[in-house]
Amino acid sequence: ERALYDAVRAATQAELVASLSGTDEKGFNVMKALEALLRLRQAACHPGLLPGQEADTSGKVEALLESLETAAADGHKALVFSQWTSLLDLIEPALTNAGIPYTRLDGSTRDRGEVVQRFQAEDGPPVMLISLKAGGAGLNLTAADHVFLCDPWWNPAVEDQAADRAHRIGQDRPVTIYRLIAADTVEERILDLQEKKRAQGEAALGDGGAAASLTREDLLALLA
């Protein structure tokens with residue numbers, strides 16, 4: 001996984017840094033830089049997210065499974081968030097193989113209420129997989145007291161809003177939030193940028209208008 005990540009990084013870094021370092025605005029190709037960052041962020045999560053790559057699991061998924069097994073064994077329920085439904089697709093068989101029951105909520109879920117009710121039930125599954133945008137608002141998931149954020153999002157407010165699904169009225173236990181960050185990758189730099197952007201509150205990937213909030217200096221720092 002490290003070799004694959006380093007290969008993706010090497011393939012994009014030189015060209016993009018040269019482009020972003022240009023003195024004229026024509027050399028400042030924001031969308032190209034964001035596409036490169038997307039590949040780096042995916043490589044930090046799971047090789048199977050990259051085009052043409054296949055892998056049964058990843059270090060991050062294995063760490064997640066270990067934590068979920070421990071939490072479930074101790075009687076806890078957990079919410080697992082990712083911005084990519086494709087990553088949730090890769091987590092699902094890992095949960096099945098580990099014998100961990102789960103439910104899932106994303107943009108394609110038709111009966112959100114039924115899924116929530118099943119998870120909230122005392123005898124419901126200990127894990128709910130949720131896409132970050134689909135589960136960011138309007139849900140009361142107080143059965144969970146563990147929250148796992150599988151991949152960092154540009155806007156820390158979006159992560160906070162997701163974690164708040166377990167911090168609702170009726171929650172009588174402490175809620176523990178885990179951020180799964182791959183060491184020495186762009187994910188660590190995103191955390192630094194989150195702190196820098198926290199006061200601004202509006203810098204989410206996937207929102208076309210938000211790309212403008214990432215400056216040339218931000219992009220250079222992320223690709224360094």
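Reply: In helix α8 (residues 216–223), Arg216, Asp218, Leu219, Leu222 and Leu223 are buried. Buried means under 20% relative accessible area, exposed over 50%, and partly exposed in between, with a 1.4 Å probe and protein chains only. Helices (H or I, at least four residues) and strands (E, at least two) are DSSP runs, numbered from the N terminus.

Me: Where do they sit around the axis of α8?

Reply: On the same side of α8, because they cover an arc of only 160° around the axis. That arc is taken from the directions from the helix axis to the C-beta atoms.

Me: What is this model, and how are things counted?

Reply: This is a predicted model: local features need pLDDT of at least 70, side-chain atom pairs count only at pLDDT 80 or more, and totals for chains, interfaces and linings use all residues. Residues are numbered from 1 along each chain as its sequence is written, and side-chain values use heavy atoms, without hydrogens and water.

Me: Is Cys45 buried or exposed?

Reply: Buried, at 1% relative accessibility. Cys150 is buried too, at 1%.

Me: New topic. What about phi of Asp184?

Reply: Near 55°, a positive value in a residue other than glycine.

Me: Where is Asp184?

Reply: In the loop between β5 (176–179) and α7 (186–197). Asp184 is exposed, with a relative accessible area of 51%.
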